[in-house]
Amino acid sequence: MLTIEDLTIRTKAKTIVEQLELAIRPGEWCALAGESGSGKSMTAFAIGGLLPASVSAEGIIMWNDENLLALPVKQRRSLLGSEISYVFQDYHGAFTPFLRVGSQLDELMRAHGKQDRKARKQRCLEVLEHVQLPAERVYRSYPFELSGGQLQRAAIAAALLLEPKLLIADEPTTALDTLTAHRVLQLIDQIRMETGISVLWITHDLRHVRKYADRVAVMRTGVLLEAGQTQAVLDHPAHPYTRRLLAAIPPLSPDAPSRLPCNSTDEQLAPERSILHE
Ligand SMILES: Nc1ncnc2c1ncn2[C@@H]1O[C@H](COP(=O)(O)OP(=O)(O)OP(=O)(O)O)[C@@H](O)[C@H]1O
């Protein structure tokens, strides 16, 4: 469904991602893991055409038989929300502070051509219920009246509103406490099973990868080091860097630090397993 080939992302001054290859199948949960600054978010931004103006992407991002990188901006933007949706770490950024959640969800649907007001409200309530929120109350609430966990659920609801086929979740739990983070991941998993949506999960944290991801791709300094079925990669990591990331995983306790170490030393960077060729 989504196939990335030879994706290179760069600024004038440096290469951020180099010749990345990645594929995500329908209904699949793929984790893109690696330390801070490895190019995970830039890869995610490139898919939706959200790269900053100073950053360019070349290569192929095939989505339903079309190369997204070759589409006109307007056509590409129209896919956002309706086919490809994002959830970010900064869930506050998903909503304007002084507009009710309901009117923001409603506006999103209107902007995508949904004319029937009653049907829009019904869909908004349905999707808020789907993310296990008290729908009517949240619909009427301002963002600042919700807790962090509730707001992230509302952001997930916004991402699901137009029934996209791919949800890109860029570190969606980093700003949440451990228990709430667990619940958000469980919720995304449940939604995936119910709707068949694919998930690209950007994470620096390998602790939850085994539980949720079908596949995992490991990046460092803009290069894909290895990728494959989660169990195979985590049980038999081919690359020394993956082994080090795994060795650095802290125990899953509420007091455990949430970030993995970065500034790793140089090691062989050659990709050793590719999900494109499995
Ligand atoms: N707006 C920008 N302009 C130029 N370079 C940028 C910009 N934003 C990020 N970068 C560079 O791109 C590299 C990759 O950043 P990216 O945010 O994709 O990493 P990441 O793996 O998602 O890390 P993190 O987990 O910290 O978000 C960084 O080293 C950074 O220097």
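**Questions on a predicted model**

The UniProt annotation "domain: ABC transporter", from an unreviewed entry, covers residues 2-246. The model discussed here is predicted.

Biologist: What share of the 278 residues in the protein chain is buried?
Modeller: Start with the parts. The protein chain has 10 helices and 10 strands. Within its 278 residues, the buried share is 41%.

Biologist: For residues 2-246, how far apart do the end C-alpha atoms lie?
Modeller: This is the span that the UniProt record annotates as "domain: ABC transporter". It is 39% helix and 26% strand. Its end C-alpha atoms lie apart by 27 Å.

Biologist: Among contacts with a separation of 6 or more, what percentage comes from residues 24 or more positions apart?
Modeller: One pair shows how sequence and space can differ. Ala 158 and Ser 85 are 73 residues apart in sequence, yet their C-alpha atoms are 8.8 Å apart in space. For the protein chain, counting contacts with a separation of 6 or more, the part from residues 24 or more positions apart is 67%.

Biologist: In what order do the four strands of the open sheet run?
Modeller: Strand S2 (15-24) and strand S5 (66-67) each pair on one side only. Strand S1 (residues 2-10) and strand S4 (residues 56-63) pair with each other over seven bridges, in the antiparallel sense. The order is S2-S1-S4-S5.

Biologist: Which residue in S4 stands opposite Arg 10?
Modeller: Arg 10 falls within S1, which spans residues 2-10. S4 covers residues 56-63, and the two strands run antiparallel. The residue opposite Arg 10 is Ser 56.

Biologist: Is strand S3 (residues 29-33) largely enclosed or open?
Modeller: Look at both faces. Trp 29, Ala 31 and Ala 33 are buried on one side, and Cys 30 and Leu 32 on the other. That makes five of five residues buried, so S3 is largely enclosed.

Biologist: Which residue is the bridge partner of Cys 30 in S9?
Modeller: S3 has parallel pairings. With strand S8 (residues 198-203) it forms five bridges, and there Trp 29 stands opposite Val 199. With strand S9 (residues 215-220) it forms four bridges. In S9, the partner of Cys 30 is Arg 215.

Biologist: Which helix gives the most residues to the shell around the ligand?
Modeller: The ligand is surrounded by 14 residues, and the closest are Ser 36, Gly 37, Lys 40, Ser 41 and Met 42. The shell divides into four nonpolar, nine polar and one charged. The top helix spans residues 40-48 and gives three residues; it is H1.

Biologist: How many of the nine residues of H1 are buried?
Modeller: List them. They are Lys 40, Ser 41, Met 42, Thr 43, Ala 44, Ala 46, Ile 47 and Gly 48. Just after H1, Gly 49 takes a positive phi of about 70°. The buried count for H1 is eight.

Biologist: Why are the buried residues of helix H3 on the same side, and how wide is their arc?
Modeller: H3 covers residues 101-111, and its buried residues are Val 101, Gly 102, Leu 105, Asp 106 and Met 109. They share a side of H3 because their arc around the axis is only 130°.

Biologist: Is Ala 158 buried or exposed?
Modeller: Count its neighbours. The cut-off for a buried residue is 20 or more other C-beta atoms within 10 Å. Ala 158 has 25 C-beta neighbours inside 10 Å, so it counts as buried.

Biologist: Where does Gln 132 lie?
Modeller: Gln 132 has a positive phi of about 65° although it is not a glycine. With 15 other C-beta atoms within 10 Å, Gln 132 is partly exposed. Its place is the loop between H4 and H5.

Biologist: What value is the phi of Glu 163 near?
Modeller: Glu 163 sits in the loop between H6 and strand S7 (166-170). It is partly exposed, with 13 other C-beta atoms within 10 Å. Its phi is positive, in a residue other than glycine, and is near 55°.

Conventions. Residues numbered from 1 in each chain as written. Predicted model: local features only at pLDDT ≥ 70, side-chain atom pairs only at ≥ 80, totals over all residues. Pairing = 2+ DSSP bridges. Near = placed C-beta within 6 Å. Nonpolar A, V, L, I, M, F, W, Y, C, P; charged D, E, K, R; others polar. UniProt positions renumbered as here; feature names shortened; annotations may be inferred. Buried ≥ 20, exposed ≤ 12 C-beta atoms within 10 Å, placed from the backbone. Arc of directions from axis to C-beta. Contact = placed C-beta atoms within 7 Å.
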